[in-house]
Amino acid sequence: MKGLSLKPLLLCAVLLVILLLLPPILPRFYTYILASIFVTALLAMSLNMVVGHGGMFQFHHGAFYGVGAYAFALLLFKAHMPLWFGFIAAPVIAAFAGLLIGWFCVRLTSLYFGMLQISLGSLLWAIVFRWYALTNGDDGIHGVPIPSSISSSSNAYYFILFFFVLCLGVMYLIHRSPFGMTLQAIRDNPARCSAVGINVRRHQLMAIVIATFFAGVAGVLFVVLEKSVFPDLLFWVLSLEIFIMCLLGGWFTFAGPILGAAITVALRTFVGIYTEYWTLILGVLLILLIFFLPEGVMGFFVQKFGKGRDKEAAPARGQHAES
Amino acid sequence: MLKVENLYKSFDKFLAVSGAELTVDKGQLVAVIGPNGAGKTTLFNLITGMLKPDRGRVVFNEEDISKLPPHDICRKGIARSFQIANVFPRLSVFKNVQVAVLSQQRKSNTLFRPAHRMAVEETNRILSSVGLLDKADHLAGSLSHGDHRILEIAIALGNEPQMLILDEPTAGMSPDETSSTMGLIKRLAETHGLTILFCEHDMDVVFNTAQSIMVMHYGKTIIQGKPEEVKSNMEVQEAYLGGADA
């Protein structure tokens with residue numbers, strides 16, 4: 001790992017330019033799909049920070065996405081707050097929810113962590129679902145007032161792309177920082193980490209707070225795209241979906257979840273046209289994945305072509321990838 | 001420097017440690033011996049905070065540390081290695097040590113600086129002092145058993161401890177590896193001014209290296225003293241040095 005080598009950087013730049021040039025060419029529907037992939041990918045990335053790099057079973061990460069989206073929608077729709085305030089406050093509120101729930105969860109390990117997390121997350125869903133006076137319950141909130149300068153089809157696309165890339169950059173910095181490295185060390189061996197003087201729980205909690213902040217950002221972007229919120233955003237099914245995205249893309253890689261999100265959203269969109277049972281295809285894909293690409297799609301490519309780079313992020317599962 | 005006083009720990013009514021006593025003076029190389037299941041590892045886990053004692057005290061530099069969590073005890077200056085190789089298999093050898101060095105420098109929470117440029121010098125110094133520098137880029141999971149054990153020690157050194165606790169540092173090593181590892185440990189003790197507490201099965205190793213030996217049996221301290229004193233102690237011979245077969 002000797003800093004950024006030029007090639008991947010160039011690749012990213014080219015990709016970005018293509019993405020910037022697309023909206024005038026593409027039909028509106030496809031810009032929408034792409035934007036929706038960015039939002040979902042950001043959410044999956046934030047989950048992967050906890051699951052893939054942190055080794056914590058954050059089963060109900062979608063709850064914080066929902067909290068971010070609802071906070072943003074309510075601040076604008078009910079409290080009539082200015083837009084910029086909503087942008088800042090909503091992710092902070094999501095992170096605060098992450099702090100509250102995470103504070104309890106980090107006291108447990110592995111599956112117990114997951115069970116508690118899914119119950120507390122579902123509690124958030126129940127609140128949103130039941131509290132009619134505030135959230136309109138299962139009707140959701142529609143027509144969130146967002147100026148068309150950022151919410152019209154191609155403007156929303158650019159807006160979302162900008163924040164997606166920005167968040168990705170920040171997450172990448174965190175991933176490679178001592179904090180990120182220590183987080184991965186905790187994933188590998190929490191007992192050893194506490195023996196070298198690392199406060200494991202505090203570190204894990206910090207990771208959860210950061211990840212839920214980004215989930216909140218994804219929630220805000222969702223509202224920018226859809227101008228509405230509904231309780232399904234906090235339902236566990238969505239959390240399962242993004243969990244699958246991480247697995248699908250490769251949860252020990254940095255960018256894997258983006259790929260996983262793209263595959264899943266594309267499947268939902270294009271197979272969903274023909275059958276409402278598109279999850280069936282996803283299920284089959286997942287089974288194939290577990291058998292043939294246990295490291296995920298991205299993990300597979302990194303292993304196969306990634307000559308050294310990102311190697312330690314995605315070694316063979318048997319932990320014996322010789323360098 | 002370290003004093004263990006009348007320590008007790010039970011698991012489901014099984015007394016793993018019952019009345020352990022231990023004194024380690026600054027700069028000493030102290031060994032704990034005893035048959036399998038005598039409670040040596042439990043004792044080390046109690047000292048380093050991985051387990052909480054039911055009764056008794058652990059005093060380090062005049063301070064009761066028996067109720068502190070492991071990371072705080074590490075901060076006080078006690079680092080340890082584990083009996084079962086306990087490293088970060090998915091990280092490179094370099095990063096394994098770097099994690100500890102960064103923790104020592106209180107930089108584990110640094111968010112926006114690339115880790116690969118930090119603490120490089122210190123980490124390399126430690127790796128070269130234990131002879132693992134040429135394997136710095138290898139994944140820890142791919143190391144041989146012997147190198148695993150050495151990496152264990154290197155990670156512990158990353159914390160710049162005053163005292164190093166090694167749980168069977170030569171377990172599973174060939175005689176050659178054992179003697180070179182013990183040589184390394186002695187050398188580290190001298191060059192770093194480290195106080196070292198270790199436990200070991202190989203009696204020759206213990207009596208050749210340690211300046212003070214503590215004998216445990218059924219969780220209890222039988223004797224602690226200089227190697228000659230321990231050797232001549234009959235009770236010990238009964239408990240450990242062949243008394244079982246005789």
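Predicted model: local features only at pLDDT ≥ 70, side-chain atom pairs only at ≥ 80, totals over all residues.
View 1. Residues are numbered from 1 along each chain as its sequence is written, and chains are lettered from A and ligands numbered from 1 in the order in which they are written. Domain 1 of chain B covers 1-77 + 161-246, and domain 2 covers 86-159; the bounds come from an automatic or database domain assignment. Where they meet, domain 1 of chain B puts in 10 residues and domain 2 of chain B puts in eight (a contact means C-beta atoms, placed from the backbone, within 7 Å). On the domain 1 side, β7 (163-167) and α6 (175-192) of chain B each supply at least two residues. The largest share of that side, three residues, is from α6(B). Sorted by class, the domain 1 side has seven nonpolar, two polar and one charged residues (Ala, Val, Leu, Ile, Met, Phe, Trp, Tyr, Cys and Pro are nonpolar; Asp, Glu, Lys and Arg are charged; the others, Gly among them, are polar).

**View 2. Chain B as a whole, with nine helices and 10 strands.** Helices (H or I, at least four residues) and strands (E, at least two) are DSSP runs, numbered from the N terminus. Along its principal axes, the C-alpha trace of chain B spans about 60 × 40 × 35 Å. Of its 246 residues, 48% count as buried (20 or more other C-beta atoms within 10 Å of the residue's own; 12 or fewer is exposed, in between is partly exposed, and C-beta atoms are placed from the backbone).

**View 3. Where chain A meets chain B, with 31 residues from chain A and 39 residues from chain B.** On chain A, the elements giving two or more residues are α8 (153-176), α9 (178-188), α10 (190-195) and α11 (200-226). The biggest contributor on the chain A side is α9(A), with seven residues.

**View 4. Zooming in on α9(A) against α3(B), whose axes come within 10 Å and cross at roughly 115 degrees.** The axes are lines fitted to C-alpha atoms, for helices over the stretch in contact, and angles run from 0 to 180 degrees between N-to-C directions. From α9(A), P178(A), M181(A), T182(A) and A185(A) meet K95(B), V99(B) and L102(B) of α3(B).

**View 5. F94(B), a residue of helix α3 (residues 93-104) of chain B.** F94(B) counts as buried because it has 22 C-beta neighbours inside 10 Å. Leaving out residues up to four places away in sequence, F94(B) touches T123(B), L127(B), A136(B) and D137(B). I126(B) is 32 residues from F94(B) in sequence, yet their C-alpha atoms are 9.7 Å apart.

**View 6. N6(B), a non-glycine with a positive phi of about 50 degrees.** Most residues other than glycine have a negative phi. N6(B) lies in strand β1 (residues 2-11) of chain B. N6(B) is partly exposed, because it has 13 C-beta neighbours inside 10 Å.

**View 7. Y218(B), not a glycine either, with a positive phi of about 45 degrees.** Look for Y218(B) in the loop between β9 (212-217) and β10 (220-225) of chain B. With 16 other C-beta atoms within 10 Å, Y218(B) is partly exposed.

Key. Contact = placed C-beta atoms within 7 Å.
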